[in-house]
Amino acid sequence: MTGHILEALSSREMARGPFKDADTAKKPGNFQHWQLQRDDNDLAWLIFDKKDTGANVLSAEVLEELGKIVGELEHNPPKGLVLRSTKATGFCLGADISEFSELKSETGVVDKLTAAHDIVDRFEALAFPTIAVIHGSCLGGGLELALACDFRFAIAGAKLGSPEVQLGLHPGLGGTDRFTRLVDPVAAMTLMLTGKIITHSKARKLGLVDQVLEERHVAAAVTAAIAGDIDKSSGGIRGRVLSTRPARQLEARQMRAKAADKAPPQHYPAPEALIQLWEQYGGDSGPSMRKAEIASFARLMMSDTSRNLVRVFFLREKMKGLTQVRAEPVKHVHVVGAGEMGADIAGWCAFQGLSVSLFDMEPDKLAEAVGKLSELCEKKHRSSSQRRDILDRLMPDFANLGVERADLVIEAVPEKVDLKQKVYDEVEPRMKQGAILATNTSSIPLETLGEKLRDPKRLVGLHFFNPVALMPLVEVVRHDKADQDMLDRASAFVGQIDRLPAPVDTAPGFLVNRALTPYLVEAMVMLDEGVAAESIDRVAEEFGMPMGPIELADQVGLDICLSVADMLRDRLNTDLPKAPQWLRQKVEDGKLGKKSGEGLYQWKKGKADKQNKTDPAPDNTLDRLLLPMLNACMACLREGVIEDEALADGAMIFGTGFAPFRGGPMNYAHKRGFDNIRKSLQTLADHHGDRFQPDHGWSGEGSV
């Protein structure tokens, strides 16, 4: 009830000029997606409200209608124009990405963009003041449209940014030119190169918006802008200095170094393309840079990188959609076990607004969990009051009393069946009716864990990945006795805490660990053969992995890697090699990787200490590392561990960091060719052993 009242009040307060309320602004007019009307002072209000959607995006049809509206305004100009959205989600989320697949050639992209540029250029050239009133999200093409206005007013809470680089692109609707001319060009370039989204206050400080307002002050601010009483933003001193090409070249060198460190240009060409645009045209007149922007954008859009990153965008949307189920929301989470994973899970849930109780028999671990959450708040730049509220939501529970109040109990104790079952014996009788019992096991089949439960229907797997605050994936594990309502609620909970669910069947290692383990184990075998750790990692990183398998094993923890590998070797009919004895000795000696300060690498200040110069790895290193991972993905698909290739790719990208620009392991396999994969695996099997035997799925034997 309260939510409906607040929504109604918010709707009533929104300044709409002659459109008295939301219903008036939605009445049919000459256009599907826009409404245009003038008030008594001959001020035109243009309302952007894309039909039949919850959020505004710039589709071809939307832009076509805008062109007709611009024609009307050119023919019969008002005293000024206010542009705004009435969508609850905000001003505009950017281009309609679903239309990207319709464009098949650079020429087609150039033609579409040239027409779109003509509309926005004419909009910018209108012979009267134009004002964009921005609330909520103003991103990508939406920001580019706002940049074509004379003034931008942000409602408190607005978020602005140019995230195109995440799709392997740069702004393509004139933004590269208008943004760098409006504000400090280095700051504008930094935002476009990183895709970072900024708050209304940062946008105001930068000069991206001219005023930050509450809704009740919009009308007065519009009147002041029309009267010429509000100054426009400018690029300032640095903008004037960087109008010369030699000055831009100096800045461009620094930009290239920073961009290449985060996104190697051979894999992610968009940052370099954007830097080249600004370096060459940043000091010229707008039209020349915008024309070059069109050609550059078209080249990028047709690249494999962009096509694959757009695919990743839709994989994320598909997985988000799995959280949109009718389910009672989780309000209180109780976590049993304050080890590394339990503490991080509890902290993340509290960070995302849930009430959390955390039990452990060791008080020091509970204190460490609170400290880690405080550090997370600092990393995420939360204010002191926000931090206080977040920390207040995490309640150390020395007596395990939170069980009775919890909607969801998450067990996060070490990977030992008897220990986990002991936890269930303690908590199950005390859980309230309808509460979910979840395990964070990374590999143990749920049928085994649930053998002694009174009500195994309430047991689900919620397998988080380390570090919880960075890795967006959670495997939602089902088993034969699981209740579908419990699984739906578990998926909805994953959405509540801003994570992506991957529904998997209970099976050894589920999907991600089953696919990742042979990749890590093969790296250990190569270490045992005398190949340098740095050389192995370098091959994986050159392929596009965020880090190599040796560093990743240290990050995960050598004890966990060894445990999962032993379990998979015992439970699966594979020829997974046994771990070298020296690796077992490291684990016995407590040299577990990053968390202990030493593992396969020495760790200093949170970073692996690597040698710069090592002998190159053998030529077949990439295939030896990568193809066992792909083989395991194929086996999981054939066995029905995961439903389809799209979810498998999404799980591996968001759970392991598999090179996003390659679109996922199965997408890579299709690009390379299933027959090539099968033959390459067979060649490796002939030379290195049966662990490389290709799965039947590569030759179509068995359903995928």
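A salt bridge here is a side-chain nitrogen of Lys or Arg within 4 Å of a carboxyl oxygen of Asp or Glu. This is a predicted model, where local features need pLDDT of at least 70 and side-chain atom pairs count only at pLDDT 80 or more, while totals for chains, interfaces and linings use all residues. Residues are numbered from 1 along each chain as its sequence is written, and side-chain values use heavy atoms, with hydrogens and water left out.

**Salt bridges**

- Helices (H or I, at least four residues) and strands (E, at least two) are DSSP runs, numbered from the N terminus.
- Asp344 is buried, at 17% relative accessible area, whereas Lys372 is partly exposed at 33%. Buried means under 20% relative accessible area, exposed means over 50%, and partly exposed lies in between (1.4 Å probe, protein chains only).
- How many salt bridges does a search of the whole structure find? The search finds 42.
- Arg122 pairs with Glu74 in another salt bridge, where the closest N and O atoms are 3.0 Å apart. Arg122 sits in helix H4 (residues 106-124) and Glu74 in helix H3 (residues 60-75), so this pair links parts of the chain 48 residues apart.
- Both partners are partly exposed: Arg122 has a relative accessible area of 24%, and Glu74 has 40%.
- Glu404 and Arg430 form a salt bridge too, with their closest N and O atoms 3.0 Å apart. Glu404 is in the loop between strand S13 (394-397) and strand S14 (408-411), while Arg430 is in the loop between helix H18 (417-427) and strand S15 (436-439), 26 residues away.
- Some salt bridges share partners, and these join Asp121, Glu124, Asp177, Arg178, Arg181 and Arg290 into one network.
- As a general point, side chains of opposite charge can pair when their charged atoms come close.

**Helix H29**

- Helix H29 (residues 674-688) has 15 residues and reaches 21 Å from its first C-alpha to its last, close to the 21 Å expected at 1.5 Å a residue. The expected span is 1.5 Å times one less than the number of residues.
- Which residues of H29 are buried? They are Ile677, Ser680, Leu681, Leu684 and Ala685.
- These residues cover an arc of only 145° around the axis, so they lie on the same side of H29. The arc is that of the directions from the helix axis to the C-beta atoms.
- The face turned away from the buried side of H29 carries the exposed residues Asp686 and His687.
- Helix H26 (621-639) and helix H28 (665-672) are among the elements covering the buried residues of H29, where contact means heavy atoms within 4.5 Å.
- Gly689 follows H29 and has a positive phi, near 120°.

**Helix H22**

- Helix H22 (residues 533-543) is largely enclosed by the rest of the structure, because 8 of its 11 residues are buried.
- Among the buried residues of H22 are Ile536, Val539 and Phe543.
- The cover over the buried residues of H22 includes helix H21 (512-528), helix H23 (549-556), H26 and H28.
- Gly544 comes after H22, and its phi is positive, near 125°.

**Ser296**

- Ser296 is found in helix H13 (residues 286-301) and is buried, with a relative accessible area of 4%.
- Ser296 touches His170, Ala273 and Leu277, leaving aside residues up to four places away in sequence.
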